[in-house]
Amino acid sequence: MIIKKYIVNDMKEAIIRAKYELGKDAVIISQRTVKVGKWYNLRKKKQLEVTVAVEENIVTKNNNINSIQNEYKETDMGQSIETDFIYEKASDIIKNKLVSYCDLYEIEDNKLTIEEKKNFLNLVLKNNCFEKKLELERINVFMGPTGVGKTTTIAKIAAKEHLVNKRNVGLVTMDTYRIGAVEQLKTYANILDAPFEVVNSPDEMAYKINKLKDCDMILIDTLGTSQRNKGKLIDIKDYLDAIEGEFNKYLVLSVSTDKDTIYSILDRYKLLNYDGLILTKFDEVTVLTNFWSIIENNTLPVQYFCFGQDVPDDIKDATLENLLDYIEENFTYA
Ligand SMILES: Nc1nc2c(ncn2[C@@H]2O[C@H](COP(=O)(O)OP(=O)(O)OP(=O)(O)O)[C@@H](O)[C@H]2O)c(=O)[nH]1
Ligand SMILES: [Mg+2]
């Protein structure tokens, strides 16, 4: 068996070169993307490493490049091979949009090149929630279902703002409901040497925030609550209504939550008028189904995404560039 690797621009080039050098019986046994810059940067194309094998006794070097190119067109080899990883992982809705796009331009779906599919995906995502960003307000509230990572995310943002942007960050919690919740945020406040306040009732809100008047940035933690518990959502609303001035409200969602539940959270939490999203737990999922369903059903800005428990490292700005890099690096071929 002869095994050979080719670094090529696309599968078509690999097939042509393999058939030229190893003969028509050469078979592709694997392909992987090799990092040469970033693929969505049109000037720096990413390359494919394609591994090809052929039985030693049937290597028949074919010098007629035209006949190979014709043969490529006639076979379905190019189409049967896994095309583009991120496109493959995209949801049916996004793929259907691709089909409509092809109809619009009268091109057949399977005739689009990998690069065109990537550009299309880029376009779909760009029209969506990653291109928008909320103006950072001085006061920021984090809300969402239990255990999605609200408090941990606050600690990550506080640490980054404190260490990198040298901001004087104040931390506030109104979660006096869950045992240990106050201590959890207080521990992070102590580590950062950040001022920390506990708000026990809506009446205390304005006063406690005023105590942090020297802070450039205030991050407020809320108690986690099921989207189905309207009573608790209304309790949180009472606290939020007591905040004076402008502030941002982030809904924190885990991409490990199933998509029907995500729809319901996006819907029921509207009661609290969230302005943007933070997505957590990318490291916990093996498929991106829930992630796609979030971006298909949300037009509000996604501000950050989180991919682990480490404070402050496992958070990034949810730019399209950062997200696609993360997806590409961390979700391996099926
Ligand atoms: N794997 C993973 N774990 C995370 C991530 N973010 C937070 N966690 C973990 O999830 C658990 C819950 O995190 P918390 O920050 O306490 O979640 P919360 O939303 O504040 O929870 P409640 O206040 O109880 O509603 C902790 O074990 C965190 O370390 C993430 O992006 N990935
Ligand atoms: Mg919490």
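In this predicted model, the space that ligand 1 takes up is the second largest pocket. The shell around the ligand holds 18 residues, and those that come nearest are K150, T151, T152, R178 and D283. By residue class, this shell divides into nine polar, six charged and three nonpolar residues. Among the elements of the fold, helix α7, which spans residues 150-163, gives the most to the shell, with three residues.

Polar contacts to ligand 1 involve both backbone and side-chain atoms of the protein. At G149, a backbone N or O atom lies 2.9 Å from an oxygen atom of the ligand. The side chain of Q309 also faces an oxygen atom of ligand 1, with a polar atom at a distance of 2.9 Å. D283, one of the residues that come nearest to the ligand, places a polar side-chain atom 2.6 Å from a nitrogen atom of ligand 1. On its own, ligand 1 has 650 Å² of accessible area, of which the protein covers 83%.

Aromatic pairs were searched for in the whole structure, and nine were found. One of them is formed by F282 and F305, whose ring centres are 5.5 Å apart; the ring planes meet at 70 degrees, and an angle over 60 counts as edge-to-face, so the pair is assigned to that class. F282 belongs to the loop between β9 (276-280) and α12 (289-296), whereas F305 is part of strand β10 (residues 302-306), so the pair ties together parts that are 23 residues apart in sequence.

Conventions: Residues are numbered from 1 along each chain as its sequence is written. Chains are lettered from A and ligands numbered from 1 in the order in which they are written. This is a predicted model: local features need pLDDT of at least 70, side-chain atom pairs count only at pLDDT 80 or more; totals for chains, interfaces and linings use all residues. Side-chain values use heavy atoms; hydrogens and water are left out. A residue is near a molecule or strand if one of its heavy atoms lies within 4 Å of it. A polar contact is a pair of N or O atoms within 3.5 Å; within protein, one must be able to donate a hydrogen and the other to accept it, and residues adjacent in sequence count only if both atoms are side-chain atoms. Accessible areas come from the Shrake-Rupley method with a 1.4 Å probe; for residues, only the protein chains shown count as cover. On a 1 Å grid over the protein atoms alone, a cavity is a set of points where a 1.4 Å probe fits but cannot get out, and a pocket is an open set with protein on both sides within 12 Å along at least five of seven lines; lining residues have an atom within 4 Å of a point. A molecule sits in a cavity or pocket if more than half of its atoms lie within 2 Å of its grid points. Helices (H or I, at least four residues) and strands (E, at least two) are DSSP runs, numbered from the N terminus. Ala, Val, Leu, Ile, Met, Phe, Trp, Tyr, Cys and Pro count as nonpolar, Asp, Glu, Lys and Arg as charged, and the others, Gly among them, as polar. Rings of Phe, Tyr and Trp (its six-membered ring) pair if their centres lie within 6.5 Å; planes under 30 degrees apart count as stacked, over 60 as edge-to-face and the rest as tilted.
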